[in-house]
Amino acid sequence: MALHKVYKVEGMSCAACALKIQKALAKIEGVSNAQVALLQERVSLDLDKSSDSKLVLSCVEDLGYKISDTDAISSDAIQSGSAFDKDLVKLIVTACLCSLLMLFSMGPMFSFYIVDNAYGNALLQCALTAVIMYVQRHYFISGFKAILSKSANMDTLVALGSLISFIYSLVNTLLIDKDLTLQAVHHSLNLYYESAAMILTLISIGKYIEHKARVKTKDALDALVSLAPKTCRKIVGDRVLIVDAASIKKDDIIELKAGDSIGADGYLIQGSLSLDARAITGESLPQSVMCGDKVLSGCSVHSGYGQIQVTRSLKDSTLFEIIALVDKASAQKPDIARLADKIASIFVPAILIIALITFIVWYLKTSSLPLAFEFCVSVLVISCPCALGLATPTAIMVGTGLAARHGILFKSAKVIERLRLVDTVFFDKTGTLTQGSFKLLFMQGLVDALEPFYNQLVLSLEHKSSHLIATSLQKALKAQTVEVSDYSYKEGEGVFGTIFGTQYAFVNVKSAQRLGVTIDTSFLHSIDMYEKRGCLCLLLCDKDKVIALYVLGDSIKGSAYGLIDRLHKMHIKCTMLTGDGKSAAAYVASELCLDDYKYELLPKDKAFYIQSEQDNNKKVCFAGDGINDAPALASAFVGVGLKGASDIAIASCDVVLMQKSLHSLVNAIEISKRTVRNIKENLFWAFFYNIIAIPVACGVFYSADIKLNPMLCALLMSISSICVVLNALRLSFINLRANEDNNQRQENAKAGEIKMHKEIFIEGMSCSHCTSSVHKALSALPGVENLEVVLDEKKASFDLNSALDDAMLKSVVESLGFKVSAIK
């Protein structure tokens, strides 16, 4: 069995470095899946247990790079911070010395002579340049080690350009007459010390700015790492101990107070909490957690007090799973990067050849050694493999970071490239387009005033049952139970019993019809409407008639309406695949305006339909959340798992949506499109820059008096890399919409163009009588359709096809004595 190892590598300057290390590691016996991440300065690989890890270390060191064993993702930020400070000190020293050098070299052009002796002035320039070269010696160490290993890199070009300038100037310095004054001969001196020094200075400034921008691309990952607390309060007996968060193990008890960050997954066993889960799910609303509810690491306690029992330690927690997914996706390369990698692998050797040819051609053509030398150095310095190497990983890192901040986790970089191509989305129904839970949706009594009594009868009859129906009713209805005699349960029909000397039955519609009880026409109308939606209608009967109707079922998610609208606007076909019956499937498909739907499907049937579409050259995305969705998720071009999905479903998918809102799917597609577009822009700039800059540096346009000196070439080279990184950072400012603009939808509704879906969150509803009063009040309003009032969620949802505004809706509900907390 292979061990997964992660190493920190220092000294990589361009894509050629990363490719060189990756190729060298691939040749080591026992090493597989070697991946080099240029931005993260990391190498990950699988190493056979029988292989010696020292071979990996020595292989990379022989190539001229520093390598160290590390497993901590969070260590990157600490190490890069200290390196960052050292680079800044070196840069300041270099810039100061280079400024002084420019006074000696350029001063005579403005009749400014610090040292008038030509030989002395040249020696001072030589000394200052030598010190600058020593301070920035890492370019020469890395560059010449690369030459010795027969794999030149960007540092090779910089080192050669600077060193050739220095040596040429040194030879000319030794030929200067020691008695000459600088004023007399400064125009004829062929000294390029300032070029040698300025090349190193400008490249270092560019690298520093580039490094700073590259660190910025990892902000999202660093923010996730920072969520992990350093310590936590562990309860041991009667004592509360402050311990290292990493030492917490399964079944430990942790105390939580307001302001705490949660460092492990677990269940709340005492107290109640209001959690801020924005960093994990992207949802801005506080999450209320009661005893028995699951608590995730990475959340922070907004208010309350509680104790959780740990189910997964920090390193195995949800937070670190998310960090690992984001980090893995950021480090991988999409297929679009292959062309850039191939070019980068031959780029530096090609530039060395072009520089040599340029020198020979210009020397033979003009017999001017200084001119030929200047063109040669310009070619070496202006060429930029860095832009090619940074084009893809910077965009990928910013894109995955942006997605993570919005509760979207890409499992690989290839998924980012694939998702933009999707033209068909298949949805599972239960738990994906619908809430996925069995709830009381509607209650209707024969006599309104007796609704609390009807609820008491129903709860008493269902009290002894653990069936899903009983559980749903017990959660929704608040009433005291009474003793039931002659209790019986009949499979497929319902429950029967005697209460207060009267026989009652709580049964389905078919059973009520067999009993021969009278069903009021108002009940029949409601039954017909809800059965078409695939809901379960249960009837409370006495010995003569039906006295109450209870409707249970699943409700459509509010965000599903806007999701389908947005996908259709993107010209994406939307189809539902479900194992449910025809009536339930038809209702959901009709409500959401789906293009097609298939019902009564087994898991293998879903996979079959997906494969059939893909055989017709369709790029299919499947969104689901259950164990039965695993085959479909695995077979789809892109599999998307939703929050709350089973572990098997998560393992089979390519993208994980941590938010409850389905609009995250559209946002994921948008991020995919923008990221790939950004990569193409970066690659275009990298190719365009080199295609234009190298011929100019070669002197192709010299006859038109267009000529670049080495200092300007160094500046352009640095700017090109910075432009690529800054362009990638533009992704951070993408405005991802949670839904369509509400004002626009309001205007469309007034014009009668669309139905606007509304959700009213209502505080104060405690029983079915409350829901009934809200239902009656809202249903009386013009343009209200498909109205559902769900007690468990304290919410009324409906379609509105009129000019009613939020203020009017709020006043109607609050006139009943309730409080409206939000309208969406």
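What follows is a short chat about cysteines, helices and a surface patch.

Tutor: Quick ground rules: this is a predicted model, where local features need pLDDT of at least 70, side-chain atom pairs count only at pLDDT 80 or more, and totals for chains, interfaces and linings use all residues. Residues are numbered from 1 along each chain as its sequence is written, and side-chain values use heavy atoms, with hydrogens and water left out.

Student: How many disulfides does the model have?
Tutor: A disulfide here is a pair of cysteine sulfur atoms within 2.5 Å. By that rule, the count is zero.

Student: Is Cys232 buried or exposed?
Tutor: Buried means under 20% relative accessible area, exposed over 50%, and partly exposed in between (1.4 Å probe, protein chains only). Cys232 has 13% relative accessibility, so the label is buried.

Student: And which label does Cys723 get?
Tutor: Its relative accessibility is 32%. Cys723 therefore counts as partly exposed.

Student: What distance does helix 13 reach from its first C-alpha to its last?
Tutor: Helices are DSSP runs (H or I, at least four residues), numbered from the N terminus. The expected span is 1.5 Å times one less than the number of residues. Helix 13, residues 369-382, has 14 residues and is close to its expected 20 Å, reaching 20 Å.

Student: Which residue caps the N-terminal end of helix 13?
Tutor: Look for a polar contact, meaning a pair of N or O atoms within 3.5 Å; within protein, one must be able to donate a hydrogen and the other to accept it, and residues adjacent in sequence count only if both atoms are side-chain atoms. A side-chain oxygen lies 3.3 Å from the backbone nitrogen of Leu371, and the residue it belongs to is Ser368.

Student: Which helix gives the most to the nonpolar patch?
Tutor: The patch on the surface is formed by Leu356, Ile360, Tyr363, Leu364 and Leu369, with about 490 Å² of accessible area together. Ile360 is partly exposed, at a relative accessible area of 41%. With four residues, the top contributor is helix 12.

Student: How far apart in space are Thr430 and Leu577?
Tutor: Thr430 lies in helix 16, and is 147 residues from Leu577 in sequence. C-alpha to C-alpha, they are apart by 9.8 Å.

Definitions and conventions. Helix = DSSP H or I, 4+ residues; strand = E, 2+ residues; numbered from the N terminus. Patch = residues over 30% accessible without salt bridge, like charges linked within 9 Å, V, L, I, M, F, W, Y side chains within 5 Å. Areas by Shrake-Rupley, 256 points an atom, 1.4 Å probe, with all protein chains shown as cover. Salt bridge = Lys/Arg side-chain N within 4 Å of Asp/Glu carboxyl O.
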